[in-house]
Amino acid sequence: MASNNPAFGRGFQTATRSGQFGGGLGAPTSAPTQYDPYNAPSPYGRAATRYMTMDDVVTKTGITFLVTVLAAAGIWALPGQVGWGFALPAVLVGLVLGLVISFKMISNPVATLAYAAVEGVFLGAISEAFDDVYPGIVLQAIIGTLGVFAGMLVVYKTGAIRVTPKFTRWMIGALVGVLVLMLVNGLAYLFTPGGLGLRDGGPLAIVFSLVVIGVAAFSLLLDFDMADEAIRRGAPARFAWYIAFGLLVTVVWLYLEILRLLSYFRD
């Protein structure tokens, strides 16, 4: 079965067959058949794989986001300087953990929820800092993020934009381009005040921030497609934790960029 999503290449097929995602028996090449009690495997034998459903995705994603929100609220409740003391370690731990989960495609609740908690610590500290300088900006950023998420979900469900191989290639190119520009701009800070001007709050910074928000928003379509395709391919139920992780990464990125853009207009 051809795949539009790079996450479902040869590595996914191999990992699914080997039971890497906790399924045990691996995923079938076709949809699971209706249960037949007369031909069911013996209850004393090896446990059968439970296939992932959309309910699994919704439930695991909801739990993941709840952990993030609770961790952020806990840090926000601390004094500002105390919260910032946790921010830097959270960034480092989150970066390492996120890379490990991404490259190894770990679909484990412990790994996903640990990443969610670490991200919540960082978000709580950074959000409190922004809200101290620009009162009310965090609530605006949250509303904006939820609005973009809901809008892209409608776009995906109505088929207004289809996730095709060409669309996926364009998105990967856009993601790489944005990342390279961010890195170059960061290095430019070492030699030129303000770097390339992509983050100084000026007109160019506003345009760049809008582009990044657009890329993050369209990245949600890849996450939605990953969930649908995993269900079609008969992925194990535990794979929903990996999808929840992917959605969290995209939504956090989107929220931070909206927060940044709003601060430009406040300035």
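Helix H8 (residues 239–266) has 28 residues, which at 1.5 Å a residue should span 40 Å; the end C-alpha atoms are 41 Å apart, in agreement. The model is predicted. Of the 28 residues of H8, 21 are buried, so the helix is largely enclosed by the rest of the structure.

Aromatic contacts were examined next. A pair of aromatic rings is described by the distance of the centres and the angle of the planes. The structure holds seven aromatic pairs. One of them joins Tyr115 and Phe245. Its geometry is edge-to-face, with 5.1 Å centre to centre and 75 degrees between the planes. The pair links distant parts of the chain: Tyr115 lies in helix H4 (residues 109–133) and Phe245 in helix H8, 130 residues apart. Tyr115 has a relative accessible area of 7% and is therefore buried. Phe245 also counts as buried, because its relative accessibility is 4%.

A second pair is formed by Tyr156 and Phe224. The ring centres of Tyr156 and Phe224 are 5.8 Å apart and the planes stand at 50 degrees, so this pair is tilted. It too links distant parts of the chain, with Tyr156 in helix H5 (residues 137–158) and Phe224 in helix H7 (residues 203–232), 68 residues apart. Both Tyr156 and Phe224 are buried. Tyr115 and Phe245 belong to one aromatic cluster with Phe239 and Tyr242.

The surface carries a nonpolar patch of about 510 Å², made by Leu95, Val96, Leu99, Val100 and Phe103. Val100 is located in helix H3 (residues 80–104). Val100 counts as partly exposed because its relative accessibility is 34%.

Conventions. Residues numbered from 1 in each chain as written. Predicted model: local features only at pLDDT ≥ 70, side-chain atom pairs only at ≥ 80, totals over all residues. Heavy atoms only, no water. Patch = residues over 30% accessible without salt bridge, like charges linked within 9 Å, V, L, I, M, F, W, Y side chains within 5 Å. Areas by Shrake-Rupley, 256 points an atom, 1.4 Å probe, with all protein chains shown as cover. Salt bridge = Lys/Arg side-chain N within 4 Å of Asp/Glu carboxyl O. Helix = DSSP H or I, 4+ residues; strand = E, 2+ residues; numbered from the N terminus. Buried < 20%, exposed > 50% of the residue type's maximum accessible area, 1.4 Å probe, protein only. Expected span 1.5 Å × (residues − 1). Phe/Tyr/Trp six-rings, centres within 6.5 Å; stacked < 30°, edge-to-face > 60°.
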